[in-house]
Amino acid sequence: MEQLGIGMIGSKFMGRAHANAWSSAPHFFDLPIQPTMGVVAARDAEDLATFAPRWGWQRWTTEWHDLVDDTAVDLVDVTTPNDVHAEQAIAALEAGKHVACEKPLAGTLADARRMAAAAAASPARTFVWYSYRRVPALGLAHRMIAEGRLGRLYHVRAAYLQGWGGPQTPRIWRFDAARAGSGALGDLGAHIVDMARFLTGEEIVEVSGAIEQRFIDQRPLPDDPTRFAPSTVDDAIVFYGHLEGGAIASFEATRLATGVKNSNRIEIHGELGALSFDFQHMNQLEVFDAIDPGAEQGWTTIQTTHEEHPWMAAWWPDGHGLGYEHTFVNQAADIVRALGGEEPEVPLPDFADALVTQRILEAALISARQRRPVALEEID
Ligand SMILES: NC(=O)c1ccc[n+]([C@@H]2O[C@H](COP(=O)([O-])OP(=O)(O)OC[C@H]3O[C@@H](n4cnc5c(N)ncnc54)[C@H](O)[C@@H]3O)[C@@H](O)[C@H]2O)c1
């Protein structure tokens with residue numbers, strides 16, 4: 001079978017999620033090409049010496065350029081902080097490699113534009129790990145809306161709430177604007193903007209009413225909690241959007257929703273029905289059908305583990321749920337399918353698609369800082 005040599009940059013949170021995905025995908029899915037785990041690059045040699053053999057990488061390096069130059073690498077998987085996505089992805093594209101890059105596409109709109117331009121100039125394919133698209137319940141929601149089951153759309157209400165960012169949380173790169181670009185906006189807001197676009201199939205044409213808030217100005221250093229450094233990103237952001245079909249949307253992203261672990265939620269209301277999802281119950285989609293007789297109307301909970309649900313034929317018998325890591329396995333499988341000439345279960349975002357999401361994030365920042373509505377066409 002034809003092989004797809006993977007080279008991955010980064011070996012921590014997303015590095016582990018992606019290593020698991022590349023190694024699991026061929027076990028569970030019938031794939032047209034065999035992904036092989038060639039080389040992993042990151043900064044910490046001591047960590048890599050353990051990480052690489054544990055996850056099945058053939059070799060490791062602290063020089064990420066090595067894998068861009070490696071003729072056995074066909075796809076470069078970028079799981080590094082946002083400030084280095086552009087440099088690494090563009091070098092890989094210029095070397096003729098396919099690139100699968102973590103989200104947000106970049107920390108800044110300028111970097112994202114350069115990445116999308118490099119992708120457009122290359123015959124290679126690009127992918128962005130907006131991994132929540134590959135939750136079966138959300139794949140089902142995408143299909144139902146595409147079939148017109150909700151009719152005309154009125155409301156999108158999206159919130160991504162986490163509560164880990166209190167004053168005791170160290171100043172890791174995620175609180176450094178130079179490395180992350182933004183805080184809750186690019187980290188969590190990017191996911192719900194992508195999700196709103198993916199589920200509705202509509203573009204956001206205007207952003208307004210944004211509030212960007214930093215609650216914690218100084219954070220303890222990771223290696224010395226007695227010393228502090230400035231946090232330079234937003235801890236929370238809220239904003240509104242107009243969709244091209246006339247629906248209105250609200251977005252809230254925060255790392256300071258005390259008591260909430262990881263609630264990525266979205267509700268969509270249309271003239272024929274409504275859908276509701278919360279990642280804290282990721283194997284369920286709530287559906288309301290307004291066409292049912294009045295006396296029988298009500299919310300239905302669909303357990304999305306049936307073999308007819310997206311990706312589920314590859315997994316377990318009905319009733320046996322999936323977890324966070326499966327979304328990455330589903331995406332790895334869909335990337336390999338796409339490169340093998342097959343259709344992914346639902347659309348995969350590429351750099352051009354992720355640039356649109358990045359423009360919406362930029363519009364939210366401008367709306368917050370200039371206190372005004374921002375038409376997307378202002379941001380080319
Ligand atoms: N899809 C999702 O749901 C999701 C979840 C978490 C993070 N992310 C994204 O994944 C990316 C990485 O986040 P993370 O949480 O894994 O970060 P992390 O801090 O846990 O890991 C970063 C890794 O990158 C390596 N690295 C840093 N700078 C490097 C450089 N210049 N060259 C080579 N390697 C370098 C580090 O050694 C480390 O292995 C970010 O873009 C983040 O937004 C996405």
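Among contacts in the protein chain between residues at least 6 apart in sequence, what share join residues at least 24 apart? The share is 70%. Keep that in mind as we walk through this structure, which is a predicted model.

## The whole chain

Let's begin with the big picture. The protein chain holds 10 helices and 17 strands. Its C-alpha trace spans about 65 × 50 × 40 Å along the principal axes. A compact globule of 380 residues would have a radius of gyration near 21 Å, and the protein chain agrees with this because its own value is 21 Å. Of those 380 residues, 49% are buried.

Confidence is lowest in helix α3 (residues 65–69), where the mean is 96, and highest in β6, at 99.

The chain is divided into domain 1, covering 3–131, and domain 2, made of 135–322 + 347–370. Their C-alpha centres lie 24 Å apart. Across the boundary, 21 residues of domain 1 are in contact with 22 residues of domain 2.

Which elements of domain 1 each supply at least two residues of the side that touches domain 2? They are α5 (109–120) and β6 (126–128). The largest share of that side comes from α5, with 6 residues. By type, the residues on this side of domain 1 are 14 nonpolar, 4 polar and 3 charged.

Now look at helix α4 (residues 85–94). Of its 10 residues, 7 are buried, so the rest of the structure largely encloses this helix. The buried ones are H85, A86, Q88, A89, I90, A92 and L93.

What covers them? The cover includes β1 (3–9), α3, β4 (75–78), β5 (98–101) and α5. Just after α4 you'll find G96, which takes a positive phi of about 85°.

## The nine-strand sheet

Next up is an open sheet of 9 strands with mixed pairing. Reading across, the order is β16-β15-β14-β13-β7-β12-β11-β8-β17. The edge strands, each pairing on one side only, are β16 (299–303) and β17 (374–375).

Let's zoom in on part of that order. Strand β7 (residues 153–161) pairs with β12 in the parallel sense over 7 bridges, and A159 has E252 in β12 as its bridge partner. Strand β12 (residues 248–254) is also joined to β11 by 7 bridges, this time antiparallel. There, I237 stands opposite A253 in β12. β11 and β12 form a hairpin with 4 residues between them, and G246 in the turn has a positive phi of about 105°.

On to the next pair: strand β11 (residues 236–243) and strand β8 (residues 204–213) are antiparallel, again with 7 bridges. In this pairing, I211 stands opposite V238 in β11.

Most residues other than glycine have a negative phi, and most peptide bonds are trans. Here are some places to look for exceptions. K103 and P104 are joined by a cis peptide bond, with omega about -15°. P104 sits in the loop between β5 and α5.

W311 is in the loop between β16 and α9 (324–339), while R371 lies in the loop between α10 (351–370) and β17.

Is W311 buried or exposed? W311 is buried, because 25 other C-beta atoms lie within 10 Å, and the cut-off for being buried is 20 or more. And R371, buried or exposed? R371 has 11 C-beta neighbours inside 10 Å, so it counts as exposed; the limit for that is 12 or fewer.

Technical notes
Residues numbered from 1 in each chain as written. Predicted model: local features only at pLDDT ≥ 70, side-chain atom pairs only at ≥ 80, totals over all residues. Pairing = 2+ DSSP bridges. Domains from an automatic or database assignment. Contact = placed C-beta atoms within 7 Å. Nonpolar A, V, L, I, M, F, W, Y, C, P; charged D, E, K, R; others polar. Rg over C-alpha atoms; globule rule 2.2 N^0.38 Å. pLDDT = per-residue confidence, 0-100.
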